[in-house]
Every structure is written in C-alpha cells, then in structure tokens.
Amino acid sequence: MAVTYPLASDSGAAPAAAESATQSQSAALSAPSATPAFSPLYQQIKALLLQSLEAGEWKSGAAIPSEQELAARYKVSQGTVRKAIDELSIDNLLVRRQGKGTFVATHAERQVQYRFLKLVPEDGDASSQGPAQRQIIDCKRARASADVARGLGLRPGDAVLQVRRVLSFGNKPTILEDIWLPGTPFKGLTAERLRNDNGPMYALFEREFGVRMVRAEEKIRAVLPDATQVELLGVTSSTPLLSVERIAYTYKDAPIEMRQCLYLTHTHYYRNELH
C-alpha cells in the first residue's frame, strides 16, 4: 500500500486558513531571531525522495515511480514532483531516460562511472581511452590512523580496510591509489573479490555492499614519489606527480571513503568543469 505524507498544499488554502497562516508568518518574521518556518514544497518532496533513496526503497539502476504516481503518493502536483526530480538529477542521484522514465543513478553506467575520475588523456576524454587495467597490490584490515579517522569520521584505532592498486592505460602505469574504507560497511571485501570484478569499484560497492558514493571533495598538490611509489609507477624519484586526496560521501554527507591518488601527467591532465 502506498504511504502518503501530509505536506503543505501547492493548490491553495481556504481563505480563513490562508489568513491565519499569513498572520502567523507575519508574527514569526517580526521576532528578532525569526527564521523561515517552511521550505518550498518541491524541497520537501526532494527530501522525501532522498529518504526513500537512503532507505534503499529504490536500488541503484532501478526505475522510480512515475511523476504521476509520486504526485498521488505525496498529494502534490506533478510539476512539484518534476522540480524535485530535476534537482536530484542535477545532483547526479537520478537519471532521466527519454521515453523510459527516471532511474536511480549508478556508477555502473558509462556516463556516470567516470564522474569522479578527472584525469583525462590529452587527445580525448576519460571514456575514450577505455577502462583502465587494474592491479590490486594489497587489500588488508588495519587500524585507522589519526588522519584516516578524521577523514572518515571514525575514532583512531577503529577498523578500516586499506586497498592499494595501480591503474594503467595502454599498459602504462598512470595512477597509484591508496584507499581507506570503514571496516563495518565493507565486511567481506577482499583482494580476490576486487580482482575478480571487471566493473568500476564504486559499482561493486553499490551492488555488493549497498553503499553509494554521491559526492566527493578533493585536495590537489604536486609531489615527488617515495621509493615504493617509484617502483610501482615505473618513474624516477625526480618525476613530478599530481597528488589528489579525496573524501567520498554517501547520503546525509556521511564520509565513506578516503582515497589518495598519485597521477602521472605525461600524457594526461586533470580536467574539471566550473559552473
């Protein structure tokens, strides 16, 4: 049975109710520390859709109900639902497909899987070079250092999973990644499991562990490699590398992955779009 939620109406109110509401709002706004009491209706619908996504009501890659069905569910207009879906599409949480409906975005899709990979070849984009050849160097349980604990919102010494891998393009090592994941959500993740999966790592996280990366923050600086990094990337100790430190977040701005990437930029460059 569909669950309905009481919301502010977007079809108008009775005159008496409207007058009462206006008087209440005027009184509230006249208070010294007044703040708006209500968010726009489409924002309320967006929040409810987010709750359903967070709860796993609609899985990654699955279709969500139509705008008409959602409008009936929440007792609002289709236009209000459409605006909420538009915002979630801009946030890369939903994907509209012409003639098919709206789907939960997934990192398994080609247009989404390169969303967080900003290193592109000089003569194309991330998708044009094809998938990277991946070498899993290590995948082990560890205790969170102070830096890792701070990045993941854990306590120092909490269990984490540490992954190291090399990504190559055209059989040339290009990216060295050190990845830290909180231990509990990724219980059961092993080096063998990573080696046996041919898709994007974030798609594996969605499919096998129910964890979706929805946004990320990065810090970038230029560095020189240490002895281990020289060996893994096949460079010299004087080769400049681009260091990208990323914190990826799941729903509710919960940090779920810390990643340090070292990029070789002889044949690639870091590309970002600013809006």
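This is a predicted model: local features need pLDDT of at least 70, side-chain atom pairs count only at pLDDT 80 or more; totals for chains, interfaces and linings use all residues.
Six strands form an open sheet in the order β4-β5-β6-β9-β8-β7, and the pairing is antiparallel. At the edges stand β4 and β7, the latter spanning 215-223; each has a single partner strand, so one side of each has no neighbour in the sheet. From one strand to the next, the twist averages 15°. Take the β4 edge as an example. β4 pairs with β5 in the antiparallel sense, over ten bridges. Arginine 143 has alanine 159 in β5 as its bridge partner.

Next, the helix that goes with this sheet. α8 lies across β4, β5, β6, β8 and β9, and it runs at about 160° to β9. How many of the nine residues of helix α8 are buried? Seven are, so the helix, residues 201-209, is largely enclosed by the rest of the structure. The buried ones are Met201, Tyr202, Ala203, Leu204, Phe205, Glu206 and Phe209. Note that Glu206 is on that list. As for what covers these buried residues, the cover includes β4, β5, β6, β8 and β9, and also α7, residues 191-196. Just after α8 comes glycine 210, with a positive phi of about 65°.

As general background, nonpolar side chains in soluble globular proteins tend to be buried together. Here the largest nonpolar core has 20 residues, and the members that touch the most others are Ile45, Leu49, Trp58, Leu70 and Tyr74. Three helices, α2 (41-54), α3 (67-74) and α4 (78-90), are the elements that give two or more residues to this core. α2 gives the most, with five residues. Leucine 70 shows what the contacts look like: setting aside neighbours within four places in sequence, leucine 70 is in contact with Leu49, Trp58, Ile64, Pro65, Val81 and Ile85. Apart from this core lies another, of 19 residues, among them Ile136, Cys139, Leu161 and Phe186.

A brief word on the hairpin. Strand β1, residues 94-97, and strand β2, residues 101-104, pair in the antiparallel sense over four bridges. Leucine 94 is bridged to valine 104 in β2. Three residues lie between the two strands, and glycine 99 in the turn has a positive phi of about 80°.

Last, two residues that you can look up in the model. Tyrosine 270 is in strand β10, residues 268-270. Beyond four places in sequence, tyrosine 270 touches Lys118, Leu119, Glu218, Ile220, Leu242, Val244 and Tyr263. From tyrosine 270 to valine 244 is 26 residues in sequence, and 9.9 Å in space from C-alpha to C-alpha.

Threonine 239 sits in the loop between α9 (227-233) and β8 (241-250). Threonine 239 has 10% relative accessibility and therefore counts as buried, the limit being under 20%. Its side chain joins that of threonine 236 through a polar contact of 3.0 Å. Not counting residues up to four places away in sequence, threonine 239 touches Val223, Leu224, Pro225, Leu264 and His266.

Definitions and conventions
Residues are numbered from 1 along each chain as its sequence is written. Side-chain values use heavy atoms; hydrogens and water are left out. Buried means under 20% relative accessible area, exposed over 50%, partly exposed in between (1.4 Å probe, protein chains only). A polar contact is a pair of N or O atoms within 3.5 Å; within protein, one must be able to donate a hydrogen and the other to accept it, and residues adjacent in sequence count only if both atoms are side-chain atoms. Contact means heavy atoms within 4.5 Å. A nonpolar core is a set of buried Ala, Val, Leu, Ile, Met, Phe, Trp, Tyr and Cys residues joined through side-chain atoms within 4.5 Å. Two strands pair if DSSP finds at least two bridges between them. Axes are lines fitted to C-alpha atoms, for helices over the stretch in contact, and angles run from 0 to 180 degrees between N-to-C directions.
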